[in-house]
Amino acid sequence: DGGGIYVSAGTFNVIWTEIKSNTSISGSGGGVYTKSGSSFTGVNSLFFGNTATDGKGGSAKLQGTPKLYGCKFESSTAKSNIAKALEVVASTEFHYCTFLDTLGVGDQYLVYSTGKPAYKGCLFASPKSAFEGTIADSFDSTALPPISESLATLPTDTFDLDGDNDKGEPL
C-alpha cells in the first residue's frame with residue numbers, strides 16, 4: 001500500500017507538491033495511502049501517473065479524515081480495473097479539484113467510493129463513467145459525460161450515483 005506516501009497515523013499535509021510516477025506493488029494507493037485514524041490534507045498538488053498494481057486507487061486510497069483543495073488527479077491506473085484515480089473509504093472533502101483521465105485505458109472509473117465524499121467546484125472528465133459506489137454527501141461540481149470514440153455519439157448513461165449498477169443517472 002502507498003507507493004509514494006503511506007500515512008499510518010497522525011497528520012500529513014502536502015502543499016504545492018507533485019506526487020508523480022509512484023507504484024504500489026502490493027495493495028492500493030499508488031501515490032498516497034492513508035489509514036483510518038490518520039489526517040491527510042492536500043493543497044494545490046498534482047497526482048500524476050501513479051499506479052496501484054494490486055488494488056484500487058491509482059492516485060490514492062483515502063481513509064481517515066482527508067481533505068483536498070485545488071488538487072489535480074490525472075493519468076493514473078489500477079490493476080483492479082475499478083478506480084484509476086481514487087478509492088475513497090472516508091468522508092472526504094474535495095474542493096475545486098480536477099479529475100482527468102487522459103489514458104483511456106481499460107474499463108475503470110475515476111472514483112470508487114464506499115465512504116461519503118463531498119465535492120465542491122470539482123471537474124470530472126473521463127472516457128468511462130466517473131463514479132462507482134456510494135453517492136456523495138454533496139455534489140456541487142461538474143461531471144462531463146463520458147468521452148466516447150465518436151463525439152457524435154455520446155453515451156446517455158453517465159454515472160451510477162446510487163450504487164445500483166444501472167449507470168443511468170443523467171447529468
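Tyrosine 6 is partly exposed, with a relative accessible area of 42%, where buried means under 20% relative accessible area, exposed over 50% and partly exposed in between, for a 1.4 Å probe and protein chains only. The model is predicted, so local features need pLDDT of at least 70 and side-chain atom pairs count only at pLDDT 80 or more, while totals for chains, interfaces and linings use all residues. Residues are numbered from 1 along each chain as its sequence is written, and side-chain values use heavy atoms, with hydrogens and water left out.

Rings of Phe, Tyr and Trp (its six-membered ring) pair if their centres lie within 6.5 Å, and planes under 30 degrees apart count as stacked, over 60 as edge-to-face and the rest as tilted.

| Stacked pair | Centre to centre | Angle between planes |
|---|---|---|
| Tyrosine 6 and tyrosine 33 | 5.3 Å | 0° |
| Phenylalanine 12 and phenylalanine 40 | 6.4 Å | 5° |

Tyrosine 33 is buried at 8% relative accessible area. Phenylalanine 12 is partly exposed at 34%, whereas phenylalanine 40 is buried at 0%. Separately, Phe47, Phe73, Phe94, Phe99 and Tyr119 form one aromatic cluster.

Strands (E, at least two residues) are DSSP runs numbered from the N terminus, and two of them pair if DSSP finds at least two bridges between them. An open sheet of 3 strands has the order S4-S8-S12 with parallel pairing, and its edge strands, S4 (23-24) and S12 (77-78), each pair on one side only. Between S4 and S8 (residues 51-52) there are 2 bridges, and serine 24 stands opposite alanine 52 in S8.

Terms used. Helix = DSSP H or I, 4+ residues; strand = E, 2+ residues; numbered from the N terminus.
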